[in-house]
Amino acid sequence: MENAGREPEKGGTSGRRARQIFAHRILFENPLLIALLGLYPVAAACHTLKNALELSVMLAVLIPPAAVLFCCVGGRIPLWLRPAAVLACSAVLYLPAAGLMELIFPGAVNELGIFAGLMVCNSMMLSRLTEYAPGHSGREVAADAAGCALGYCLMMCLTAAIREFIRLGGVWNDKGASFFGVTGKSTLAPFFGFLLVGFLAALAQHINLRREERAARVRRRQAGKEAHRL
């Protein structure tokens, strides 16, 4: 996800930069909306808020420790070998992640089926751990991992809640009735998930474009003031 939006400007304290990275990853450089990383589990599995929260628990256990590990040792692993190393690390972490998810949501592993296992090879994890973690400081990597995980999970829960509300007329209510009748069942299709994420991604890009336009106007005003003083 190196090309997924600009890095926060360098300078200032390490703690301030880490906070900027964390904040940017939640929305302005959200891995799901900006780079479309980890799109398939969101589109195919997250059609209820409960499913999204289950996968959120899984991701929260997988990515932070793996990110810290690859920050420490990733630079010593050849680039061509890093994806395999990430998969191996994720597979080991899957066991405690699945255990915690099953503890909080009994039956979640069987309910999610293959989609729980697919979180091990989530493209967001592959991108962040192979490209970002080895070349940045521990504080920045921790902020990046936490921001990406939180931003991804928030968007995953938002899209799932929208789909569930359209289909059942409410959230966390399996006995609800859709406002759209039979049409509401189409929200179960992965295509609807892809479509919904596409609209949210367009909104995020629009917000980023407006931010860049405002920043450009500020720079022009500052340049004008400097020129006037000279």
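Visitor: At what angle do helix 1 and helix 8 pack, and how far apart are their axes?

Guide: Two packed helices are described by the angle between their axes and by the distance between those axes. In this predicted model, helix 1 (residues 14–26) and helix 8 (residues 138–168) pack at an angle of about 20°, and their axes lie 7 Å apart. Because angles under 35 degrees count as roughly parallel, helix 1 is roughly parallel to helix 8. The crossing in which helix 1 passes helix 8 is right-handed.

Visitor: Which residues make the contact?

Guide: Helix 1 contributes S14, G15, R17, A18, I21, F22, R25 and I26, while helix 8 contributes R139, E140, A143, D144, A146, G147, C148, L150, G151 and L154. By class, the residues of this contact between helix 1 and helix 8 comprise nine nonpolar, four polar and five charged.

Visitor: Which residues have the most contacts inside the largest nonpolar core?

Guide: That core has 59 residues, and those with the most contacts inside it are L32, M58, L59, Y152 and M156; helix 3 (residues 49–73) gives the most to it, with 13 residues. Leaving aside residues up to four places away in sequence, M156 touches L32, V42, C46, A52, L55 and S56.

Visitor: Is G38 buried or exposed?

Guide: G38, placed in the loop between helix 1 and helix 2 (39–45), has a relative accessible area of 3% and is therefore buried. Not counting residues up to four places away in sequence, G38 touches L32, N122, S123, M124 and Y152. G38 and C121, although 83 residues apart in sequence, are 8.9 Å apart in space, C-alpha to C-alpha.

Terms used
Residues are numbered from 1 along each chain as its sequence is written. This is a predicted model: local features need pLDDT of at least 70, side-chain atom pairs count only at pLDDT 80 or more; totals for chains, interfaces and linings use all residues. Side-chain values use heavy atoms; hydrogens and water are left out. Axes are lines fitted to C-alpha atoms, for helices over the stretch in contact, and angles run from 0 to 180 degrees between N-to-C directions. Helices (H or I, at least four residues) and strands (E, at least two) are DSSP runs, numbered from the N terminus. Angles under 35 degrees count as roughly parallel, over 145 as roughly antiparallel, 65 to 115 as roughly perpendicular and the rest as oblique. A crossing is left-handed if the near helix is turned anticlockwise from the far one by less than a right angle, and right-handed if clockwise. Contact means heavy atoms within 4.5 Å. Ala, Val, Leu, Ile, Met, Phe, Trp, Tyr, Cys and Pro count as nonpolar, Asp, Glu, Lys and Arg as charged, and the others, Gly among them, as polar. A nonpolar core is a set of buried Ala, Val, Leu, Ile, Met, Phe, Trp, Tyr and Cys residues joined through side-chain atoms within 4.5 Å. Buried means under 20% relative accessible area, exposed over 50%, partly exposed in between (1.4 Å probe, protein chains only).
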